[in-house]
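This note sets out some points for a colleague who is looking over the structure.

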Amino acid sequence: MKTIKLLAILFISALTLSSCSDDDHDDDDHDHEEELITTVNYTLTNGDDVVTLSFVDLDGEGGADGTYTVSGSLTANTTYIGAIELLNATEDPAEDITVEVKDEGDEHEFFYSSNINGVSIEKTDEDGDGNPIGIETTLTTGDAGVGTLTIVLKHEPTKPNDNNADNAGGSTDVEVTFAISVQ
C-alpha cells in the first residue's frame with residue numbers, strides 16, 4: 001500500500017517537473033507588452049523637399065477616429081529618404097516606440113504598399129539576422145498620379161518573407177493608409 005502511494009507521489013512530481021521544464025524551453029524570450037501607439041510619422045526627404053505623412057489617434061484603438069495629415073505632394077521621378085517614427089503621445093514627454101521596435105528588430109517589420117503606378121519603397125535597415133526592419137527606407141516615385149500609401153507594422157512576422165504583409169504572418173501592431181499624390 002505504501003509503495004502505491006509513493007509511486008503516485010513520484011508520478012505527480014514527475015508531471016509537475018515536466019510542466020516546469022516545458023516552460024523553461026520556451027524560445028519566445030520576447031517580453032512584448034502591448035504598447036499604445038498614438039502617432040505614426042513617416043517623413044520623406046529629398047534635399048529641401050520634405051513631405052510628412054502623419055496619423056494621430058490619441059485615444060487609441062476603439063475610440064474616436066484618428067486623423068491623417070499629409071504635408072504636400074511628392075515630386076514625380078524622385079527618390080526620397082524615408083524615416084518612420086512611432087509615438088505614445090499620451091505620456092509627457094511622448095514615448096518613442098520606434099526605439100523599442102528597432103531594439104526588437106528581429107520581431108518586427110514594416111510593410112509599405114502603394115497603388116500609385118511607379119511608387120516603390122525599399123527598406124534600408126536590417127535586424128541582427130540581416131532581415132529588413134523598415135524604419136529606414138528609400139521611396140522612389142514614377143510619373144504623376146494619385147492614390148494611397150499603406151504602412152503596416154507586423155509583430156513576429158515570418159522572416160525572411162516575400163515583402164507582402166498579408167503573407168508574412170504575425171500580428172498587426174499598426175496599419176495606416178494615407179491619401180497621397182505625385183506631381
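1. The coordinates discussed here are those of a predicted model.

2. The largest pocket has a volume of about 410 Å³. Its lining comprises 24 residues, and those nearest the centre of the pocket are Glu-35, Ile-37, Glu-61, Asp-173 and Val-174.

3. Which elements supply at least two residues each to the lining of the largest pocket? They are helix 2 and strand 10. Strand 10 accounts for the largest share of this lining, with five residues.

4. Attention may now turn to the interior. In soluble globular proteins, nonpolar side chains tend to be buried together. In the present model, the largest nonpolar core contains 30 residues, and Tyr-42, Phe-110 and Leu-139 have the most contacts inside it.

5. Several elements contribute two or more residues to this core: strand 1 (39-46), strand 2 (49-56), strand 4 (79-88), helix 2 (97-103), strand 6 (108-114), strand 9 (145-155) and strand 10 (171-182). Strand 10 gives the most, namely five residues.

6. When residues up to four places away in sequence are not counted, Tyr-42 touches Val-51, Thr-52, Leu-53, Gly-82, Ala-83, Ile-84, Tyr-112, Ile-121, Thr-137, Leu-139, Leu-149 and Ile-151. One of these partners, Leu-139, is also listed with Tyr-42 among the residues that have the most contacts inside the core.

7. How many salt bridges does the structure hold? There are two. Side chains of opposite charge can pair when their charged atoms come close.

8. Are the two residues buried or exposed? Both Lys-123 and Glu-109 are buried.

9. Lys-159 and Asp-127 also form a salt bridge through their side chains, at 3.1 Å from N to O. Here too the pair links distant parts of the chain, 32 residues apart: Lys-159 belongs to the loop between strand 9 and strand 10, and Asp-127 to the loop between strand 7 and strand 8 (136-140). Lys-159 and Asp-127 are each buried.

Definitions and conventions. Residues numbered from 1 in each chain as written. Predicted model: local features only at pLDDT ≥ 70, side-chain atom pairs only at ≥ 80, totals over all residues. Heavy atoms only, no water. Core = buried A, V, L, I, M, F, W, Y, C linked by side-chain atoms within 4.5 Å. Buried < 20%, exposed > 50% of the residue type's maximum accessible area, 1.4 Å probe, protein only. Helix = DSSP H or I, 4+ residues; strand = E, 2+ residues; numbered from the N terminus. Contact = heavy atoms within 4.5 Å. 1 Å grid on protein atoms, 1.4 Å probe; cavity = no way out; pocket = protein on both sides within 12 Å on 5 of 7 lines; lining within 4 Å. Points joined across faces, edges and corners; volume = space filled by probe spheres on them. Salt bridge = Lys/Arg side-chain N within 4 Å of Asp/Glu carboxyl O.
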